[in-house]
Amino acid sequence: MAYLVLARKWRPQNFTDLIGQEHVSQTLANAIRSGRIHHAFLFTGARGVGKTSAARILAKALNCDEGLSDQPCGICSSCTEITAGQGLDVIEVDGASNTGVDDVRELRENIRYLPNRSRYKIFIIDEVHMLSTNAFNALLKTLEEPPEHAKFIFATTEPHKIPVTILSRCQRFDFRKIPLARVASRMREISDAEQLTISDRSLSLVARQGEGSMRDALSTLDQVIAFSGEQVDDEAVQTLLGMVDRRLLLDTVEAVLQRDSRRALDAVRRVDQLGLALRRFTQDLLEMFRGMVICKVVEDPAEMLDLVGEELKELKALAEEASLDDLQRIVTLLMKTQTELVNSSFPLLTLEMSLVRLATLAPTQDLAKLISHIESLEKRLGSTPLPKPQHPAQRPTPNPTPTPTARPAPAPAPAPTTPNPSPDPPPKKPEAPVATSTESKGWQGLVDQVKQSRPMLGSVLEHGRLLKLELPVIEVGYTKGSFMSSQLQEPDISQDLEVLTTEYFGQPVKLRVLAVDIEQQSAAPPSLVEEREAKETDRMRRLREDAMEHPALKSVQDIFKGEIKKVIPIDKGFV
Amino acid sequence: MTFDQILGHKRQKEILNRALANGRLAHAYLFAGPDGIGKRLMAMALARAIVCEEQRGCGNCLACRKIDHQNHPDLHILEPDGKAIKIEQIRAFQRELNLKPLEAPRKICMIEQADTMTVGAANALLKTLEEPRGDTLLVLLSSQPNRLLETIRSRCQPLPFNRHPKSRIQAELEKQLGIASEESHVLAALSEGSFKKAFGKDRDLYLEQRRDLLKTLTGLSSGSILPTLDFADQLAADKTVLPDILEIFQAFYRDVLMTLQGRGDEELVNLDLKEKIHRVSAREDVSTILAKLEALVEVRHQLDRNVNRQLAMEVLLLKLAA
Ligand SMILES: [Zn+2]
Ligand SMILES: [Zn+2]
């Protein structure tokens, strides 16, 4: 019944089996060939990259009955005992379970005895970082004057927890995470030997689960075999791993980049319906955006991302569409979401909010563009208020003559991109009054009159956008579904209003209330209130908006949850 | 409980059954997934299948019944002692593992809330997880697998459990509690796919009081200072239900957000309050709603940090009424 998991069954037995740790095995093999062997080794590195295996291989090499060798025979009694983890002269200690000073004292007693029959007495201490301070001190004494016949091999995932005094007495080897391609090709060998049918694509998905650890990857392969037997099909692997379908991820990324919050929410819906872990989805999404950042800043991102072929191409193409600033903001926000999800009482909402926010982020502009934008704004503001576009008759006639400040362009070569002969906006009279207000029988006049008899009604009108004034028809626009538009449509009110308008214009007038979509609002002419506000604070507002949109400021807000209290304009000379 | 009696988790059952049938059961599993969705039931079913005299977890034989009563000598269950699983517990259990199984073909060890293991306990378990002595099956259960040491996770075969679909939970709620579909919908939508959560909700609060609470909340306006203060008073009064009330508020504004985003009514939590939701969304926009939802998240953090409840509620309501 006992089934040996693949990671145990295929534990490396020789230096050459240690995939991805060639720098370690070569140095060790050289030392053994030359006979100059340190008495204490420290193997560090992430989980499942081969530290314990390397320790056992080293032990075999030191104690093989066939003689000291960088290629231990593997069949002598010493070798087979070590492979089984029960060598007479190779003592494996679990540092985590024997943390006390007594344990180390016992160890030191043991060290004094000569090996039973092999060359060396070898102590392998796994998880050595778990030893207590006292235990380390006791160990240090041994390491300071080690007997000739003793060798120590320490292994740990957390070398920073080991006292410097111990570190300095060990020859240290840092084990690396194993590159995806190496894990995949080793798994191909193992799959073939195990007579599995599995596609390269699936194998690479499985390998990626290991995140650089062979043991993790093999444990996932065990899982796959347990589920699908020896014929592994791709779809099963994908579902089994609880993997978010790549298509779904790409869709979400696109939705965010295109500011399409509905589509982004569609993705959340699908994740929810599939019962996938929201944190996993967020993590995958985060990794995709991070990958795009790397695509932007690294010449050849393939190795760093462990990505090849189609996947890399897709990611690069997506990265093309976005600015680096945007991507970094998205990554920051997603990281925050990731931590919030851990303690969220309502994770679905947390994810939904996050995606709505991502998909409604205002695109950033780079700093240079921003500054030139502010400068041109200031230039315009320095002269006059902006023209009011909503009344065709009132539109100021463009001045065809170049402004005095404009550089005299060479006559035969007019600027090809602008139809306007002058690069500056047409000049206007500094004191130009708001166009509509001057007209005797205009919109402003009507509103003023209404205000006198019906202040509330007047203020409702002030908030409307004048879409059309061609007597006898007036069209006013309000935000779709807004309270004001519903007010105006009340029969009593609309009747009163009709009386007032007819009175004002001296002819029957049809006043129509239209709904304006939120998206169209920026295209629609401003209401009187907006005009007034714009006039008063145009410069401040624009400066403030630009400042608020600044990516650095956004990041500060995102990270510190800051609140903008005040925006103070600084002199142009400063920028 | 046999595999067949467990609701859902079809794939997980298949995986375990196939492993049992092929003799490919790993020595250590990590059952990972939210609380209250059936991980423990699955582990018990697996235990039965292993010890069963008929080798199928029949539920009738002596061995199966011993598992059900948790008095099988080869079943070891480790639970947090207080808030954590401590190193002494791991050591005691490792001594047990050194002994041969008494009745079953192998020893079975379940570690509940494995993520509560102390660092010492977790490290002490590493060697056992990698190469357990004899023929032992270890099953670690965790709703927060990311809190486990990587070295622990790496030594287990992961078996992720998914949330239950809303429809399954809703059907069970209706079947077992005899409540109407509008009500079961609210509970199921807030259950995160967990039976434990769905059945554990205070039904009086979530079904009855919810409507009144939301009515008061949406009736507040920035001008109505006194009613706002009164309501804050009312909310702050009971510390224990406050988190639930905040969840109700969150669900409501979330519904408004979804409506503003043009989502269909079927995605709402408060299906029975459609009209109110539409009315409120007419006077809000995405940024004002996000601000309100943020305020709710923020107030939860504040409550975790033990700030003055009354004050926190007042500030919150002023923001929500704005
Ligand atoms: Zn040998
Ligand atoms: Zn039975």
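What follows is a set of questions on terms and values, each with a reply.

Reply: This is a predicted model, in which local features need pLDDT of at least 70, side-chain atom pairs count only at pLDDT 80 or more, and totals for chains, interfaces and linings use all residues. Residues are numbered from 1 along each chain as its sequence is written, while chains are lettered from A and ligands numbered from 1 in the order in which they are written.

Me: Why is α3(A) called largely enclosed by the rest of the structure?

Reply: A residue is buried if 20 or more other C-beta atoms lie within 10 Å of its own, exposed if 12 or fewer, and partly exposed in between, with C-beta atoms placed from the backbone. In α3(A), 13 of the 13 residues are buried, and therefore the helix is largely enclosed. In chain B, 44% of the 322 residues count as buried.

Me: Why are β6 and β8 of chain A called edge strands?

Reply: Two strands pair if DSSP finds at least two bridges between them. The open sheet of three strands has the order β6-β7-β8 in chain A, with mixed pairing, and β6 (465-470) and β8 (510-516) of chain A each pair on one side only. From one strand to the next the twist averages 20 degrees, where axes are lines fitted to C-alpha atoms (for helices over the stretch in contact) and angles run from 0 to 180 degrees between N-to-C directions.

Me: How do you know that β6(A) and β7(A) pair, and in which sense?

Reply: Five bridges link β6(A) to β7(A), residues 473-479, in the antiparallel sense, and the criterion asks for at least two. Among the partners, A:K468 is bridged to A:E475 and A:E470 to A:V473, and a hairpin of two residues joins the strands.

Me: What is the pairing in the open sheet of five strands in chain A?

Reply: The pairing is parallel, in the order β2-β3-β4-β1-β5, and the edge strands are β2 (90-94) and β5 (171-174) of chain A. The twist averages 15 degrees from one strand to the next. Within this sheet, β3 (residues 121-126) and β4 (residues 150-156) of chain A run parallel and are joined by five bridges, with A:I125 opposite A:F154.

Me: How many residues of chain A are in contact with chain B?

Reply: Two residues are in contact if their C-beta atoms, placed from the backbone, lie within 7 Å, and by that test 46 residues of chain A are in contact with 46 residues of chain B. On the side of chain A that touches chain B, α10 (214-228), α13 (261-273) and α18 (347-360) each supply at least two residues, and the largest share, eight residues, comes from α10(A).

Me: What is the confidence in chain B?

Reply: On the pLDDT scale, the predictor's confidence in each residue from 0 to 100, chain B averages 89, and 100% of the residues score at least 70. The model scores ipTM 0.82 and pTM 0.65.

Definitions and conventions: Helix = DSSP H or I, 4+ residues; strand = E, 2+ residues; numbered from the N terminus.
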